[in-house]
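Visitor: Could you walk me through this one? I have some questions ready.

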Amino acid sequence: VQLQASGGGSVQVGGSLRLSCAASGNTASYNAIAWYRQAPGTQRGLVAAVFRDGKTQYADSVRVRFTISRDNAKDRTYLQMTELKPDDTAVYYCNYQIVDRPSHSELYWGQGTLVTVSS
C-alpha cells in the first residue's frame, strides 16, 4: 500500500485548503483512514478519521472547521480545512489502517504535506 498526500500550501488566517490522500495497492480491507499532523517540536496527533462504517472522529481543535470525506471509487480521502489558524500549521499525514489477517492490522503512512498558516 502506498499513500500520496497532496494539497498543502501557504494560506492566511481564515483561509481554506483541501488535502487529498491517494492510495494505491490493496486497500480493500481498510478499517480506518485518518489524517494526523505534526508541528515542529510536537508529537504527531490525530486530526480526523473516517471509519469503514462511515463514522467520523475529529480532534476537538478542528471540529466544525475541518471535514474528512472519502471517495471510495477513486480510493481518495480528503480533508477540507476551513477557518485556518496559525496553530494549524504542521505537516499533515494520511494514514490507512488495513486489516491483513484476523485480529491484526497494519498502519500505512503517506509522506506528509506541509500546511502553513500565516497571520
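Predicted model: local features only at pLDDT ≥ 70, side-chain atom pairs only at ≥ 80, totals over all residues.

Visitor: What is the radius of gyration of the protein chain, and what would a compact globule have?
Guide: The C-alpha atoms fill a box of roughly 50 × 25 × 25 Å along the principal axes. For 119 residues, a compact globule would come out near 14 Å, and the protein chain agrees with that because its own radius of gyration is 14 Å.

Visitor: Among contacts between residues at least 6 apart in sequence, what share joins residues at least 24 apart?
Guide: Here a contact is a pair of residues with heavy atoms within 4.5 Å. Taking the contacts between residues at least 6 apart, the share that joins residues at least 24 apart is 53%.

Visitor: Which strand pairs with strand 8 and also forms a hairpin with it?
Guide: Strand 8 (residues 76–81) has an antiparallel pairing over six bridges with strand 3 (residues 17–24), where Ser-20 sits opposite Tyr-78. Strand 8 also pairs in the antiparallel sense, over six bridges, with residues 66–71, and there Asp-71 stands opposite Arg-76.

Visitor: What is the phi of Val-64?
Guide: Most residues other than glycine have a negative phi. Val-64 lies in the loop between strand 6 (56–58) and strand 7, and it counts as exposed because its relative accessibility is 74%. Val-64 is not a glycine, yet its phi is positive, at about 85°.

Visitor: And Ser-103, is that residue buried or exposed?
Guide: Ser-103 also has a positive phi, near 60°, without being glycine. Its place is the loop between strand 9 (90–101) and strand 10 (104–109). The cut-off for exposed is over 50% relative accessible area; Ser-103 has 86%, so it is exposed.

Visitor: What about Thr-56: which residues is it in contact with, leaving aside neighbours within four places?
Guide: Thr-56 belongs to strand 6 and counts as partly exposed because its relative accessibility is 40%. Its C-alpha atom is 9.6 Å from that of Ile-33, 23 residues away along the chain. The contacts of Thr-56 beyond its sequence neighbours are Ala-49, Val-50 and Ile-68.

Visitor: Now the charges: where does Asp-88 lie, and which residue in strand 4 is it paired with?
Guide: The structure holds five salt bridges. In one of them, the side chains of Asp-88 and Arg-37 meet at 2.9 Å, N to O. The two are 51 residues apart: Asp-88 lies in the loop between strand 8 and strand 9, and its partner in strand 4 is Arg-37.

Visitor: Which residues are linked with Asp-88 in a network of salt bridges?
Guide: Arg-65 forms a salt bridge with Asp-88 too, with the closest N and O atoms 2.8 Å apart. Asp-88 counts as buried because its relative accessibility is 1%; Arg-65, at 8%, is buried, and so is Arg-37, at 16%. The residues joined to Asp-88 in the network are Arg-37 and Arg-65.

Visitor: Last one: how far apart are the closest N and O atoms of Arg-63 and Asp-60?
Guide: Arg-63 counts as partly exposed at 42% relative accessibility, while Asp-60 is exposed at 65%. They form a salt bridge, and its closest N and O atoms are apart by 2.7 Å.

Definitions and conventions. Residues numbered from 1 in each chain as written. Heavy atoms only, no water. Pairing = 2+ DSSP bridges. Helix = DSSP H or I, 4+ residues; strand = E, 2+ residues; numbered from the N terminus. Buried < 20%, exposed > 50% of the residue type's maximum accessible area, 1.4 Å probe, protein only. Rg over C-alpha atoms; globule rule 2.2 N^0.38 Å. Salt bridge = Lys/Arg side-chain N within 4 Å of Asp/Glu carboxyl O.
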